[in-house]
Amino acid sequence: MKLLNQAIQTALQGGFGQQLGGFGGQLPEGQFEKLGELMHERVREAIREKVVEAFHERLMEVMKDRVRDLVRQRLGQEIRNALLEGHGAPGGFNLDTVTNRLSERFSEMVHERLVEAIRERVGEALRERLYNTIREALSEGPTAQFLDWNATEGLAIKIRERIEPEIRERVVELVRERLREAIRERVQQAFRERLPEALNAALSQTKAKGGDLEVIVMLVRDKLIDTLERRLGEGMRDRLREIIRDGMEEVVRDRLREAVRAALAEKFGGGGQLGGGAGYYPGFGGQQGGQQGGFMMEQIRERIIENVRDRVGEAVRERLESRIKQKIEDTLRERLGGALQSVLAEQTTLGGGFTPEHIVEALRYRLAENLRYDVSGAVFESIGDAVRERLGEALSTALSQR
């Protein structure tokens, strides 16, 4: 590190004896590479040490809030459905079967809602922490002597912009892949340990004081809430930290060095040329000044907007219709049978016959949330696929036009 600092300092003194970022000048290619490597190491270590834990704590807050809301809003309904299905099942009521069905449905619901919550909040939780960490890493230690305040701020923004979307996407993907089993295990454990006791206590209380199915559901729900929230929180904490660490490590390993070099090249004009401003554009004659540079950049901006709009928009349209239709069909095939069975069992238990209005309303209640979630996920995935596939192509086409 000492030798690298001396080498960079020597290069700086040879052409300009001040900090980078405030004026023009040439940085030899070898020293440009070494500065980039130094910045890469500083940022990599800072992300590993500071971002993972802060990001984890913020997402745990989000997940705890979503679990608490879901348990309070939906647990009673799911208990009610499971008891009704068990009551109307062939062979009579079987507590193990009821427990298994309740565990499967509720754990899947928790998983879906948590993936949705992470996807909605991951950008907000990551953005500020990532930027502050990168900025602090560049403004302290060996790199601080070579970068003024403006250069540090600009580089931090550019590096964050290049790696944040990939970290966000990778973390959501890993949450979807790895969290399902942890949630299922914890939910099953909680129901197996607490449901029989809670149900017996509720039946005893309603037998002594009177009450109907709704009273039993409420009593069972109240006895399960705290256990479910605690077990889910315990099960997710370590697994989520592992997911965040793995997702960040993967993106940092694959993308950070390129992001640092690209940020340096963009900020300082590329290839060691410092002080490159908005008029610099490789392939169009280098530095453009004044009105000519402004006109050139406006043309480039408009071409990029037009190409990205048309190509990415076309790709999104191509994918959305078929993906949404397929997702609706898959969701109905997976959930309609169980929902219909639950509705018919409920109607039989409550009496009054099978009226279309009641069946429609009950099915709508059971299917609407799942359809909304699955279709929104399909839309999100389609847009992500389209952007990944066509954005680079659109940018390349725009920049190759004369």
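Student: How many aromatic pairs does this model have?

Tutor: The count comes to one aromatic pair. Keep in mind that this is a predicted model. The partners are Phe106 and Phe191.

Student: What makes Phe106 and Phe191 an aromatic pair?

Tutor: Rings pair if their centres lie within 6.5 Å. Phe106 and Phe191 are 6.2 Å apart, centre to centre, so they pass the cut-off.

Student: And why is the pair called edge-to-face?

Tutor: Look at the angle between the planes, which is 70°. Planes over 60 degrees apart count as edge-to-face, so this pair gets that label.

Student: How do you know whether Phe106 is buried or exposed?

Tutor: Check its relative accessible area, which is 0%. Buried means under 20%, so Phe106 is buried. Phe191 also has a value of 0%, so the buried label goes to Phe191 as well.

Student: What share of the whole protein chain is buried?

Tutor: Buried residues make up 43% of the 402 residues.

Student: Which residues line the largest cavity?

Tutor: Arg44, Ile47, Arg48, Val52, Arg245, Met248, Glu249 and Val252. Helix H2 (29-87) and helix H5 (213-268) are the elements that give two or more residues to this lining.

Student: What about the largest pocket: what is its volume, and what lies closest to its centre?

Tutor: Its volume is about 1,100 Å³. Of the 29 lining residues, Pro165, Glu166, Glu169, Val387 and Arg388 are closest to the centre. H4 gives the most to the lining, with eleven residues.

Student: Which classes do the lining residues of the largest pocket fall into?

Tutor: Nine are nonpolar, three polar and 17 charged. Glu and Arg count as charged, so Glu166, Glu169 and Arg388 belong in the charged class.

Note on methods. Residues are numbered from 1 along each chain as its sequence is written. This is a predicted model: local features need pLDDT of at least 70, side-chain atom pairs count only at pLDDT 80 or more; totals for chains, interfaces and linings use all residues. Side-chain values use heavy atoms; hydrogens and water are left out. On a 1 Å grid over the protein atoms alone, a cavity is a set of points where a 1.4 Å probe fits but cannot get out, and a pocket is an open set with protein on both sides within 12 Å along at least five of seven lines; lining residues have an atom within 4 Å of a point. Helices (H or I, at least four residues) and strands (E, at least two) are DSSP runs, numbered from the N terminus. Buried means under 20% relative accessible area, exposed over 50%, partly exposed in between (1.4 Å probe, protein chains only). Rings of Phe, Tyr and Trp (its six-membered ring) pair if their centres lie within 6.5 Å; planes under 30 degrees apart count as stacked, over 60 as edge-to-face and the rest as tilted. Grid points are joined across faces, edges and corners, and a volume is the space filled by probe spheres set on the points.
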